[in-house]
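Student: Please take a close look at one part of this model: the charged side-chain pairs. Which residues pair up, and how does each one sit?

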Amino acid sequence: GYEVGILSVASGNTLLLSGGVLTLEDASCIDDLSISGGSLVANADAQIGLLSLSAGAMGGSGVLTAGRETTWSGGTLGTGGGRMIVAGPLRIIEGSQKSIRDYTLENAASVTVSADQIDFYDGARIDNAGVFDLQSDLFLTHVSGITGVFTNAAGATVHKTAGAGTAGFHLPLDNNGEVGVAAGTLAFDGGGNHTGGFTDRKSVV
């Protein structure tokens, strides 16, 4: 693997990672990052413009901020106990297996999901402070280790707008915002705390 200090990839240039391990130990700025294999380990804060994760992994103990547009079609977020802040639109689309391990995905903007499953390991979590739009029959599933959680902050929204079947939270959902169903069924069997609201145009179970 490669261990680097400050890494700067200027506007108009793309960093492609398809194998091996790239470790960032100092604050870095990457305009365009595409990961199709290998691992990016960010142990310091990093700013990323465009981000694509289709395989491999990205994690570390630092804070990654994705500022423009992110596409997640496969691979792993984690490990390392750090977090990724999504400050621009995130699309989670069909592709290969997706998992979060000992890591936090924090949405501060908008997420649209057309994938069917995200697996959670070792205390992984999604913290939603924006809009999380389920456009498929997605299952968020705790697999092993410390049970993870999905939090929906006050003022935030989780809604299912497409998919005639069932989407489900197989892990705790802590809802302080709004949860809505406009298509299909949204199921909760992982427990959690609910002080927010529910808008049911279809079915919540």
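**Salt bridges up close**

Tutor: R83 and E106 join their side chains in a salt bridge, 2.7 Å from N to O; the term needs a side-chain nitrogen of Lys or Arg within 4 Å of a carboxyl oxygen of Asp or Glu. This pair ties distant parts of the chain, R83 in strand β9 (residues 83-86) and E106 in strand β12 (residues 104-107), 23 residues apart. Strands are DSSP runs of E, at least two residues long, numbered from the N terminus. The model is predicted: local features need pLDDT of at least 70, side-chain atom pairs count only at pLDDT 80 or more, and totals for chains, interfaces and linings use all residues. Residues are numbered from 1 along each chain as its sequence is written, and side-chain values use heavy atoms, leaving out hydrogens and water.

R83 is partly exposed at 32% relative accessible area. E106 is partly exposed too, at 23%. Buried means under 20%, exposed over 50%, partly exposed in between (1.4 Å probe, protein chains only).

The count is five salt bridges. Among them is D31 with R68, at 2.7 Å, N to O. D31 lies in strand β4 (residues 28-42) and R68 in strand β7, 37 residues apart, so distant parts of the chain are linked. D31 is buried at 15%. R68 is partly exposed at 40%.

R125 bridges to D127, with closest N and O atoms 2.9 Å apart. R125 is partly exposed at 28%; D127 is buried at 17%.

Now a contrast. D133, in strand β16 (residues 131-134), is buried yet has no salt bridge. The nearest side chain of opposite charge, K160, is 9.1 Å away. Here Lys and Arg count as positive, Asp and Glu as negative, and His and the chain ends are not counted.

Definitions and conventions. Helix = DSSP H or I, 4+ residues; strand = E, 2+ residues; numbered from the N terminus.
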